[in-house]
Amino acid sequence: MTGRNQTIVSEFLLLGLPIKSEHQNLFYVLFLAMYVTTVLGNLLIIVLICLDPHLHTPMYLFLSNLSFSDLCFSSVTMPKLLQNMQSQDLSIPYAGCLTQMYFFLFFADLEDFLLVAMAYDRYVAICFPLHYTTIMSPRLCLFLVVLPWVLTTFHAMLHTLLMARLHFCEDNVIPHFFCDMSALLKLSCSDTRVNELVIFITGGLILVIPFLLIITSYAQIVSSTLKIPSARGIRKAFSTCGSHLTVVSLFYGTVIGLYLCPSANNSTVKETVMATMYTVVTPMLNPFIYSLRNRDMKGALGRVFWRKKAPFSL
């Protein structure tokens with residue numbers, strides 16, 4: 001520690017994705033298409049939910065917030081990644097790096113909490129259908145939306161302030177395509193034990209507890225569903241939850257595999273590819289999952305576009 005150069009770092013270098021130079025343009029087009037698809041797909045869901053009164057329900061209130069979170073989550077990393085793929089300047093200012101880290105944590109945590117709210121909504125809808133409107137009151141729905149925004153604000157700010165107190169010396173190269181918190185800790189020449197302890201504690205609170213709550217909700221849903229005498233009722237119950245379960249599997253599968261079950265054999269390339277899954281691929285797939293598997297969204301799409309075209313038809 002003491003032997004390292006004490007020059008203060010004013011910027012970092014993001015190495016980006018491990019792509020060969022001859023394939024750079026191909027991957028640039030691919031990631032640009034994925035980002036545009038993410039933005040348009042999630043914007044479409046938000047617009048449909050706002051315009052169609054049939055979708056003004058608790059489930060779609062949570063879904064609109066999830067789509068907004070996905071849109072922003074992808075926008076935190078993708079523009080800089082695309083810029084670096086077409087530029088020789090891989091630098092990001094120190095303040096810009098901390099800002100990116102803050103919003104990355106904020107929207108990742110927000111998605112985490114919103115998935116819990118959606119699981120609870122499905123639990124009430126299937127296990128207590130006659131009391132659904134009473135339980136999922138406007139006040140509770142507002143609470144389940146506002147609380148994640150408040151919690152994620154404080155959690156992201158905590159890690160950002162703890163990172164800001166660290167010193168960074170000569171080494172400023174981040175082997176990643178964004179300012180990942182673990183990568184920054186490895187570059188610091190300060191004592192990072194406090195940061196690591198906070199990450200360990202809050203990681204359990206932010207990731208493990210919500211994941212267990214989701215698992216518990218769906219265990220109760222499966223238990224209640226098996227009591228339904230008709231096969232049609234079982235299919236309807238599982239179709240209602242199918243989209244959400246797919247999203248939960250995509251999000252938690254990659255995050256838990258990367259952060260909670262790390263392997264000593266994990267290379268930087270493998271970690272970068274896994275990070276790409278939940279920062280780029282998952283936000284892009286969510287609109288397709290919710291629109292293609294959801295008859296309400298398909299119906300809303302038809303009603304909104306039909307309403308726009310109706311005045312011009314005879």
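Visitor: Which residues does UniProt list for "transmembrane region"?

Guide: The unreviewed UniProt entry lists residues 26-51, 101-120, 140-158, 197-216, 237-260 and 272-292. Those positions are given in the numbering used here, feature names are shortened, and annotations may be inferred rather than shown by experiment. Before we go on: this is a predicted model, where local features need pLDDT of at least 70, side-chain atom pairs count only at pLDDT 80 or more, and totals for chains, interfaces and linings use all residues. Residues are numbered from 1 along each chain as its sequence is written, and side-chain values use heavy atoms, with hydrogens and water left out.

Visitor: How much of residues 140-158 is helix?

Guide: Helices (H or I, at least four residues) and strands (E, at least two) are DSSP runs, numbered from the N terminus. Residues 140-158 are 100% helix and 0% strand, and their end C-alpha atoms lie 27 Å apart. For residues 197-216, the span is 100% helix and 0% strand, with 27 Å between the end C-alpha atoms.

Visitor: At what angle do α5 and α7 cross?

Guide: Axes are lines fitted to C-alpha atoms, for helices over the stretch in contact, and angles run from 0 to 180 degrees between N-to-C directions. Here, the axes of α5 (residues 138-164) and α7 (residues 193-225) come within 10 Å and cross at roughly 170°. Angles under 35 degrees count as roughly parallel, over 145 as roughly antiparallel, 65 to 115 as roughly perpendicular and the rest as oblique. So α5 and α7 are roughly antiparallel to each other.

Visitor: Which residues make the contact?

Guide: Contact means heavy atoms within 4.5 Å. From α5, the contact has His 155, Leu 158, His 159, Leu 162 and Met 163, and from α7 it has Val 194, Asn 195, Val 198, Ile 199, Thr 202 and Ile 206. They divide into 7 nonpolar, 4 polar and no charged (Ala, Val, Leu, Ile, Met, Phe, Trp, Tyr, Cys and Pro count as nonpolar, Asp, Glu, Lys and Arg as charged, and the others, Gly among them, as polar).

Visitor: What is the strand order in the sheet?

Guide: Two strands pair if DSSP finds at least two bridges between them. This open sheet of 3 strands has the order β2-β1-β3, with mixed pairing. β2 (91-93) and β3 (173-174) stand at the edges with a single partner strand each, so one side of each has no neighbour in the sheet. Strand β1 (residues 11-14) runs antiparallel to β2, joined by 3 bridges; Phe 12 has Ile 92 in β2 as its bridge partner.
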